Amino acid sequence: MADKKIKIIIAKPGLDGHDRGAKVVARALVEAGMEVVYLGLRQTPESIVNAALEEDADVVGLSILSGAHMTHFKRVKELMDKNGLGDRLLTGGGIIPTKDQDKLKELGVGKVFGPGDDLQAIVDYIRTWRGSGGA
Amino acid sequence: MRTGASIGRSLGPKLWDDFFKGSRLACARLITLVENFPESVPEIRDKLIPRQKGAIRVGITGPPGVGKSTVTAALARRAVKAGHTVGIIAVDPTSPFTGGAFLGDRVRMQSLIGDPHIFIRSMASRDGHGGLSPSTPYVADVFDAFGMDRIFIETVGVGQAELDVLTCADLIVLVLQPATGDIIQALKAGIIEAADLLLINKSDLSGTESLLESFRFLFEISARPKAIAAPPVLTASALHNKGLDEVYKEVEQLIHGHVESGRIREKKRLRLEGEMKSSVLQDLWGRFSALTNAPEEMRTAAEDLLKNGRSPYPFIRNLCARITMEIRDERTNRKDHG
């Protein structure tokens with residue numbers, strides 16, 4: 001399955017209206033040869049997980065700048081587990097303090113990225129996750 | 001986990017069981033298998049086809065940015081309201097440079113999300129160059145067997161001659177917008193001839209009347225037999241939700257008419273014949289290549305032909321003659337050893 005394309009959902013949950021970062025990351029993933037299903041702004045955890053399920057996505061990436069990351073990541077992870085998507089990677093980025101990053105990890109969320117992180121690091125992280133056979 | 005070795009396992013009885021019990025996750029996984037593992041398609045379709053109930057497959061095509069996704073969403077919403085179960089296949093282009101794809105059609109379909117009667121699947125066009133991905137017809141098969149009775153297939157933004165949609169749609173809606181071309185464009189061969197319904201979207205923009213006039217003229221001068229009606233031309237503004245009730249009504253009327261007249265059945269039959277022909281050709285070529293070193297020979301011949309400025313036909317005739325001989329010999333050998 002080495003040649004199977006990586007399919008990834010990129011979404012912004014909640015009312016945070018800044019989607020430039022999500023678009024930049026989506027573009028980088030496309031340029032790295034991945035198939036990105038872009039959901040855009042104002043998604044609910046339900047709409048994101050519904051899309052991940054219908055698309056059979058390998059990865060779900062959330063972009064959150066509003067400070068509501070603990071709520072959204074937790075809810076999306078719960079819904080993913082509940083819908084049989086527990087073996088997929090939930091990752092993302094935004095303004096997320098280090099102490100919260102640790103808490104997210106405990107919830108089963110993968111690495112989260114922040115301002116200034118290299119786009120290639122995101123691509124590499126996803127490829128490595130997939131290459132190792134998943135979570 | 002989700003690695004190559006697990007594919008054999010994942011296509012096991014459990015997946016089929018879940019699928020036929022209506023598990024959306026099983027449906028999604030089956031689509032992934034069809035999309036990523038062409039070699040598993042015959043086995044999967046063997047099981048799907050007997051369970052199909054003949055869903056109507058409506059192709060939505062047209063140039064980039066005319067509002068195909070918005071129109072698709074509007075039609076899907078109305079179909080569900082009328083009691084149908086809907087599958088949507090939304091295809092966006094794969095980059096020929098990186099192999100990646102930005103699949104953005106869901107953004108225009110927000111209002112459908114969470115409806116249990118609708119299943120949306122985005123697809124990258126991958127190796128397809130005619131507006132769809134090669135596995136698109138098989139994804140429609142999955143939806144059909146899953147119980148959807150209306151399947152909307154939205155192509156990538158197309159130009160004049162991307163006609164893959166003909167290989168998998170029973171009815172074709174061509175979406176256009178004003179100010180994209182004059183009557184000379186309308187007279188050109190291609191996608192317009194394939195359309196069962198023409199929809200001028202964004203009719204709130206100026207130029208709608210002149211485009212309508214072009215089509216009236218086009219169908220007036222058409223030499224098509226009188227028995228075949230010209231496709232209806234409708235206008236709508238999907239963004240402002242104007243005119244779409246009429247479009248949906250027309251689509252359903254066309255479906256009804258084409259089912260009654262046997263035209264849809266005829267299309268399905270022609271598609272099946274086309275599929276058989278291309279499969280046989282592929283198989284013959286595969287066997288011939290395995291028996292000879294034809295691909296290698298072709299390369300050498302091409303270099304030689306180019307160098308000496310010769311015509312390729314003697315080589316082609318020779319190769320074709322050998323196909324008959326090689327395959328006959330293969331059969332004889334099999335009998336001898338069998």
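The bridge partner of A:Val36 in E3(B) is B:Phe102. That pair belongs to a parallel pairing, with three bridges, between E2(A) and strand E3 (residues 101-103) of chain B. Strands here are DSSP runs of E, at least two residues, and helices are runs of H or I, at least four, numbered from the N terminus; two strands pair if DSSP finds at least two bridges between them.

Some conventions. This is a predicted model, where local features need pLDDT of at least 70, side-chain atom pairs count only at pLDDT 80 or more, and totals for chains, interfaces and linings use all residues. Residues are numbered from 1 along each chain as its sequence is written, chains are lettered from A and ligands numbered from 1 in the order written, and side-chain values use heavy atoms, leaving out hydrogens and water.

Back to A:Val36, which is also the bridge partner of A:Ile8. Strand E1 (residues 7-13) of chain A runs parallel to E2(A), joined by six bridges.

What is the strand order of the open sheet? The six strands run E5(A)-E4(A)-E3(A)-E1(A)-E2(A)-E3(B), with parallel pairing. At the edges are strand E5 (112-113) of chain A and E3 of chain B, each pairing on one side only.

Further along, strand E3 (residues 59-64) and strand E4 (residues 89-94) of chain A are parallel, with six bridges. There, A:Leu62 has A:Gly92 in E4(A) as its bridge partner.

Finally, E2(A), residues 35-43: seven of its nine residues are buried, so the strand is largely enclosed by the rest of the structure. Buried means under 20% relative accessible area, exposed over 50%, partly exposed in between, with a 1.4 Å probe and protein chains only.
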